[in-house]
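Dear colleague,

I am passing on the structure below, followed by some notes on what turned up when I went through it. Please read them with the coordinates open beside you.

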Amino acid sequence: MRTIDLASWPRRELYEKFFNISCPFFSVTFPVDVTAVHAWAKQNRVSFYHLLTWLSTGAMNAVPEFRLRVIDGQLVEIDRGDPSFTSLRKGERQFRIITVPFEDDPLTFCRHAKEADDAQTAFIRMEKESASLIFVSCLPWFDVTGLREEHRGDPDDLIPHLTWGKFYPVQNDRLELHMTVTANHRVADGFHVGEFKAELDRRIAALCCAKEG
């Protein structure tokens, strides 16, 4: 974890400007080609949702602005964000929040995510909650073309949110879904969302070289 020196930080003016805005959060929704994600998940018998969570978390961690947090009143850059994702079991009507560490290997991450998901009975395990999280959710029943996340109205809330909807077929037998990134304008702009999108596309394209079971 690295402490940010506000006096020399290039973004200080924007950071302070958006502090005085009651709702400094913004959301951007865009399509993502997930053809390779679906195929790799099926071939390796892992959850599409867990795999895309792994890919998205890795891509978000690659953008330093999405690793900025306020901890004990101090702006810091954390080393890594871990996913905290929603889960709804078949036949149930109330979701749970599952938090697991990010791991470098996709199969290991997906296995541990499934184990945590299967084992948890409580809505949330508060001992796993921290400022170092990335919130992930999925609405697999319909296409998501826009979204407004809930927030506490705290300008120090810098945790990014990722949400996507149902994937759908497009031409040439491709699959796409719409993904929404919600971030705090104090630390991130549309430019950084663009960096995340480019990194996510790169990681999806690299799946063909990832370990297969």
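The pLDDT is the predictor's confidence in each residue, on a scale from 0 to 100. This is a predicted model, and the chain has a mean pLDDT of 93, with 97% of its residues reaching 70 or more. Among the elements of the chain, helix H1 (residues 12-19) has the lowest mean pLDDT, at 90, while H3 has the highest, at 98.

I would begin with strand S8 (residues 161-165), where 5 of the 5 residues are buried, so the strand is largely enclosed by the rest of the structure. In a regular strand the side chains alternate between the two faces of the sheet. In S8, His161, Thr163 and Gly165 point one way, whereas Leu162 and Trp164 point the other way, and all are buried.

Helix H4 (residues 106-119) comes next. At the start of H4, a side-chain oxygen of Asp105 reaches to within 3.4 Å of the backbone nitrogen of Leu107. Leu107 is itself one of the buried residues of the helix, which also include Pro106, Thr108, Phe109, Cys110, Ala113, Ala116 and Asp117. The buried residues of H4 pack against helices H2 and H3 and against strands S5 (82-87) and S6 (96-99).

Most residues other than glycine have a negative phi, and most peptide bonds are trans. Arg45, however, has a positive phi, near 55°, and is found in the loop between helix H2 (35-44) and helix H3 (48-61). The phi of Asp173 is likewise positive, near 60°, and Asp173 lies in the loop between strand S9 (168-170) and strand S10 (174-184). Are these two residues buried or exposed? Arg45 is exposed, with a relative accessible area of 80%, and Asp173 also counts as exposed, at 76% relative accessibility.

With best wishes

Methods: Residues numbered from 1 in each chain as written. Heavy atoms only, no water. Helix = DSSP H or I, 4+ residues; strand = E, 2+ residues; numbered from the N terminus. Buried < 20%, exposed > 50% of the residue type's maximum accessible area, 1.4 Å probe, protein only. Contact = heavy atoms within 4.5 Å. Polar contact = N/O pair within 3.5 Å; in protein donor to acceptor, adjacent residues only side chain to side chain.
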